[in-house]
Amino acid sequence: LLDCAHGATYSVAPKVFEELGANVSTIGTLPDGVNINQNCGTTNPEFIREEILKGEYDLGISFDGDGDRILLASNSGKLLDGDDLLYILSKDLNEESGVVGTLMTNKALQINFEEMNIDFCRVDVGDKYVLQKLLEKNWFLGGEPSGHIICLDATQTGDAIIAALKLLNSLKEINFDVDKSVEGFNKFPQTLINLSVDNPNKIILNDKFWSEVTHIENKLGEKGRVLIRPSGTEPLIRIMVESEKENNAENYCNRLADLASKL
């Protein structure tokens, strides 16, 4: 099942997969000039989850409007984001190549790569930064949780159809069983709060706030992390906490948001 988000892939993607022998059903292939990403595509992943459960599909592939993001859905309705996809694709890496993620990449993926002896590094949020680091290190694979996946061994930029083909190539050995492909990989629960503030820099530079951040990071240890980012376009501060335990992620994130709102 392909969800083409009424966007750039609506014509090409079905033809590609049909020519390769897949039985393809499509949704989101009726662009009218204004309905791109409208209640469909990777920005609305629940759409493909609902649709795939209605039919007898092996898997679902969801693109975004401009065709550079991808998410997978299993036939049971499980949704795989960019971190899951990097986990799958990393199994095909050669020994010389590592993986580039971003500040938003789940800590569990980083730990998994360490256990697999795969080099990993983080860059700022944005696929352009992922691409820059890949070129710098002469690596091939990188991406973001949002579904931007870059496979430089097959193309020179982020391309969701190319990423989908690479993923299908990895999945064919397990009969395209998406659920099986991520067995044993469990992302850490993550809580994100976007807090409206008058001056994000005032909070970021506040000693009391950073003392609390450090305290929480020490509590989490290697099994979690804290990420504080000001918005580049709005008066917002983004507070994210990951932890093995969901309650910890939520409680610590709320604690930091409450402190920030009082500063």
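Start with the cysteines: the structure holds zero disulfides, a disulfide being a pair of cysteine sulfur atoms within 2.5 Å. A disulfide is a covalent bond between the sulfur atoms of two cysteines. This is a predicted model, in which local features need pLDDT of at least 70 and side-chain atom pairs count only at pLDDT 80 or more, while totals for chains, interfaces and linings use all residues. Residues are numbered from 1 along each chain as its sequence is written, and side-chain values use heavy atoms, with hydrogens and water left out.

Select Cys121 and Cys151. The closest cysteine sulfur to that of Cys121 is in Cys151, but it lies 16 Å away, too far for a bond. Cys121 has 15% relative accessibility and so counts as buried; buried means under 20% relative accessible area, exposed over 50%, and partly exposed in between (1.4 Å probe, protein chains only).

Select Cys253 next. Cys253 is also buried, because its relative accessibility is 0%.

Now turn to the aromatic rings. The whole structure has three aromatic pairs. Rings of Phe, Tyr and Trp (its six-membered ring) pair if their centres lie within 6.5 Å; planes under 30 degrees apart count as stacked, over 60 as edge-to-face and the rest as tilted.

Select Phe113 and Phe120, one of the three pairs. Their ring centres are 5.7 Å apart and their planes meet at 45 degrees, so the pair is tilted. Both Phe113 and Phe120 are buried.

Last, select Phe209 and Trp210. Here the ring centres are 6.1 Å apart and the planes are at 80 degrees, which makes the pair edge-to-face. Phe209 is buried, with a relative accessible area of 0%, whereas Trp210 is partly exposed at 33%.
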